[in-house]
Amino acid sequence: MSVARQMLLSVSVTRSHKHNISKLDDCRRVQSAVAVDLDKFRGHLYVLDSGYDNVKCQPKIIVYDLKTYKCIQSVELGGLNGSGLATLMVDARPFKGETKVYVGDARGGHITVFDPNRSVWYTVALRIQNRSRAIIQNYYGPEVDQEVPAECIAVSKRRSSVYLTSRRSHDLYTASFKDLRNLTSYITPSIKNGDVLPVGLRVRWEGVKLGVSGGFYADIQGGLNYVFTRDFVAVRLSMMTGGVPVSAEDHQVLLQSHNLLPAVTKIFTDNMNYRHVWALNAMPNSENRHLVKINTL
């Protein structure tokens, strides 16, 4: 059972304290939870379900109300390959009354966006602005640049940046968070599930990470946190401005330990003051825990 599914089952308890156990091949329920995120303003838990066999049960996004412990929304992502789904991130904007959910998967070149207010999902194409360090002017087209990885997505509101990478890729890309919000805030009623927006999102290649990574999180001070899986080391990358490619010197080592970081799948923060950064392992570490604190800001 995946860690995400364990987290889901821990909160999927009815008021009568009976567990809402998932049943394989029952497409109304969660088949394989691969990512979760919380809209803390509304108390809604979003679950990315990769489905079952990609035919019997389609991948979907399920929303639970944590006040009532009930499922309040479920939308199938028909047409997406559930086996590649990896990331789900909630962008709640309470002052505008908007919520957008960004989904990343192993296929490159696009971000899937779910609008829970309208129960519609669509994709935004990613276009490289500086291919081979040459500035590309027509980077707003809707065509997909497959080489841009979007399996792992992290957002820094402090820097208004979206960071993109893959667990297998060394490359790191960025996009403007403001641009992404603008693209997804003015959607016409004609947009249907699975459509590609007519305008793409420009991205920049920023350089390479230390190597293959696990976990991907932007903290409140704008640092990018991930685990260099080969050496079991948690690092914090300080992004430099001015177009200078990322280098090893830009990284701060937070924790290096095979015993404490055996299989990191997610990095996140607490919801109190956002200053404690944690790594979540897919298996218990040497302290028989899934969680380990890697930094205090």
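These notebook entries record what I looked up in a predicted model.

I note that residues are numbered from 1 along each chain as its sequence is written. Local features need pLDDT of at least 70, side-chain atom pairs count only at pLDDT 80 or more, totals for chains, interfaces and linings use all residues, and side-chain values use heavy atoms, with hydrogens and water left out.

**Disulfide.** I searched the whole structure for disulfides, meaning pairs of cysteine sulfur atoms within 2.5 Å, and found one. Cysteine 27 and cysteine 57 form the link, with their sulfur atoms 2.0 Å apart, and the angle of -85° about the S-S bond makes the link left-handed. The pair joins distant parts of the chain, 30 residues apart.

**Accessibility.** Cysteine 57 counts as buried because its relative accessibility is 0%, whereas cysteine 27 is partly exposed because its value is 30%. Cysteine 152 is buried at 7%, while cysteine 71 is partly exposed at 43%.

**Rings.** I looked for aromatic pairs, in which the ring centres of Phe, Tyr or Trp (its six-membered ring) lie within 6.5 Å; planes under 30 degrees apart would count as stacked, over 60 as edge-to-face and the rest as tilted. The structure holds zero such pairs. I did find the charged end of lysine 40 over the ring of phenylalanine 41, 5.6 Å from its centre, where such a placement needs NZ of Lys or CZ of Arg within 6 Å of the ring centre and within 35 degrees of the ring normal.

How values were computed: Helices (H or I, at least four residues) and strands (E, at least two) are DSSP runs, numbered from the N terminus. Buried means under 20% relative accessible area, exposed over 50%, partly exposed in between (1.4 Å probe, protein chains only).
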